[in-house]
Amino acid sequence: MEPHVCPDPAPWARRRARTLRAGLVAAGCLLALPGMALAQLRSPSCPDLTAWATSVNLNDRWSPNGFGPSAHPLPARFFTPETAALFGKPLLDWSQDDIKTATAAIQACGAEAQQQRRATDRQVLNRAWSALSGLLGRYLAAVETAQKQIATANEALATAPASLAQLGFDSALARLADDRQAISRLGQLAGPLPPGAAQPARALIGALRELPAPVLDAAVRQPAAQRVTVKRDAVRDAVLRDIATTPAGPQGLVQLDRMGQALRAEAVFTDADRAAFTLALTERRGAIAEEISVALIAQIAAAPVAAPEGFVHIDRATDDRLLRLLPPPTAAKVRDAAARARKDVADKLFDATKAQLAALPATDDSLDQIEDHILPAIASWPASAGAEKARFIEAANGRKAAILEAVNRAEAGPMRGRVYEAPGGFGKLEFVDRSRVVFTVGDQSRAGTYEEQRDGRIFVTIPPDGTLVLTREGARLTGAGAPLKRVKK
């Protein structure tokens, strides 16, 4: 590269050799950065600078990219082609020395305007000087810092171990859209990155906001695309290894489903890669599902027989949340095994229940046993045993009817002289003779009448409460809430 020589400030600097403007501009020689040939800053005349400064609207803000507003509210006029033509190069290419040179020239023109009592010109020149000397300098420094951060992040991401999460992140960077949602989307993709890639990725995202849109390709998109090309095959091989070594069990199936979703959402793989993923996922999912089904069927086979606990044991082995993870044919195999096991438990339990019912004597206590224990126990079985409940309920009710018929025969006869009590001694009903009855609650007794019906019902009238319709069931009277049990015959 040829050495950069400071331009001769003549002829315009010589015309104002005694002014501050001429001296600073002449000293404003800018060294070119390595690998870059920088244009020299032009030296506009004061009328041109004044006209340009007048056109600057400080409220018309410029954004370096589409990610959102900059932290440095620069006027949009600074970045127009007319401004670049006026100064000989775009402001984004300026150095800090260029800023000093330009602001010195503006300051000198402002001093000239003050001498000539052109207050309006001096005012617009001062506003332009302030924006250039302060805002532009801070912004260019921020850009330089951002570029260094991005370069460092690119190096770290290039050397980070290959991973599916980083491949997705780099793929998004390579297709980075210049819009307000871009940074948010990148932040979501950076979340699951491994530790070695997460920190540089977050640093890169944080540096994007101030980066000018024209440099995004070279600084961000192209390095990311190169990383995708370099690491894609390694990630593919790692994914296939992860699939093959996914642990067995329900969590393994969940993990495979999540991997499948992530792979479907990633667009960087070839059709051949996707076919390999699909095959590997199918084979590993099938192997895990088969292993789970074998274990579940063995667990079902170990269910206790001739006991209601067998139904609960089978239900634990056929939880729908687990079966939904299995392929439908495999889940159907487990459900069929469960149905056979439930029938086996029910058959053996039915034999035991029939023997239990047959052994009950024809007494009121046996009626209580059926009503208060056997039938409620059957009703408490899980819903999965619903198809088996009907024959048990039918058998229990049949034995209950037979016992009740025998007890009723033993209890047949007129009601006179009989005394019945509610549970806990809450109330007592005394049949005094063929028509009178006394109802006692606590220490209060009330007299009434009763009539026996041929169908076994008894109409009891206790003024002023009205008439109760009671039914004889062995040594009990039902129809008054809690059954009344005979205590004297």
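Start at the second largest pocket, which holds about 460 Å³ of space. This is a predicted model, in which local features need pLDDT of at least 70, side-chain atom pairs count only at pLDDT 80 or more, and totals for chains, interfaces and linings use all residues. Residues are numbered from 1 along each chain as its sequence is written, and side-chain values use heavy atoms, with hydrogens and water left out.

**Stop 1: the pocket**

Select L164, A165, G168, A262 and E266. Of the 20 lining residues, these lie nearest the centre of the second largest pocket. A pocket here is an open set of points on a 1 Å grid over the protein atoms alone, where a 1.4 Å probe fits, with protein on both sides within 12 Å along at least five of seven lines; lining residues have an atom within 4 Å of a point. Its volume is the space filled by probe spheres set on the points, which are joined across faces, edges and corners.

Now colour helix 7 (164–174), helix 8 (182–190), helix 10 (216–244) and helix 11 (250–265), the elements that each give two or more residues to this lining. Helices are DSSP runs of H or I, at least four residues long, and strands are E runs of at least two, numbered from the N terminus. Helix 7 gives the most, with five residues. By class, the lining has 13 nonpolar, four polar and three charged residues. Nonpolar covers Ala, Val, Leu, Ile, Met, Phe, Trp, Tyr, Cys and Pro; charged covers Asp, Glu, Lys and Arg; the others, Gly among them, are polar.

**Stop 2: salt bridges**

The model has 32 salt bridges. The rule asks for a side-chain nitrogen of Lys or Arg within 4 Å of a carboxyl oxygen of Asp or Glu.

Select R342 and D315. Their side chains form a salt bridge at 3.0 Å, N to O. R342 is in helix 15 (residues 328–358) and D315 is in helix 13 (residues 309–317), so the bridge ties together parts 27 residues apart in sequence. R342 is buried at 12% relative accessibility, while D315 is partly exposed at 24%. Buried means under 20% relative accessible area, exposed over 50%, and partly exposed in between, using a 1.4 Å probe and protein chains only.

Next, select K485 and D365, which form a salt bridge at 3.7 Å, N to O. D365 is exposed at 53%.

**Stop 3: a loop residue**

Select V305, in the loop between helix 12 (271–301) and helix 13. V305 is partly exposed at 40%. Leaving out residues up to four places away in sequence, V305 touches D344, V345 and K348. Contact means heavy atoms within 4.5 Å.

**Stop 4: aromatic rings**

There are 12 aromatic pairs. Rings of Phe, Tyr and Trp (its six-membered ring) pair if their centres lie within 6.5 Å; planes under 30 degrees apart are stacked, over 60 edge-to-face, and the rest tilted.

Select W52 and F78. Their ring centres are 5.6 Å apart and their planes lie at 25°, so this pair is stacked. Both residues, W52 and F78, are buried. Move to F87 and W94, an edge-to-face pair with 5.1 Å centre to centre and 80° between the planes. F87 is buried at 2%, and W94 is buried at 5%.

Finish by selecting W52, W62, F78, F79, F87, W94 and Y139, a cluster linked by ring pairs.
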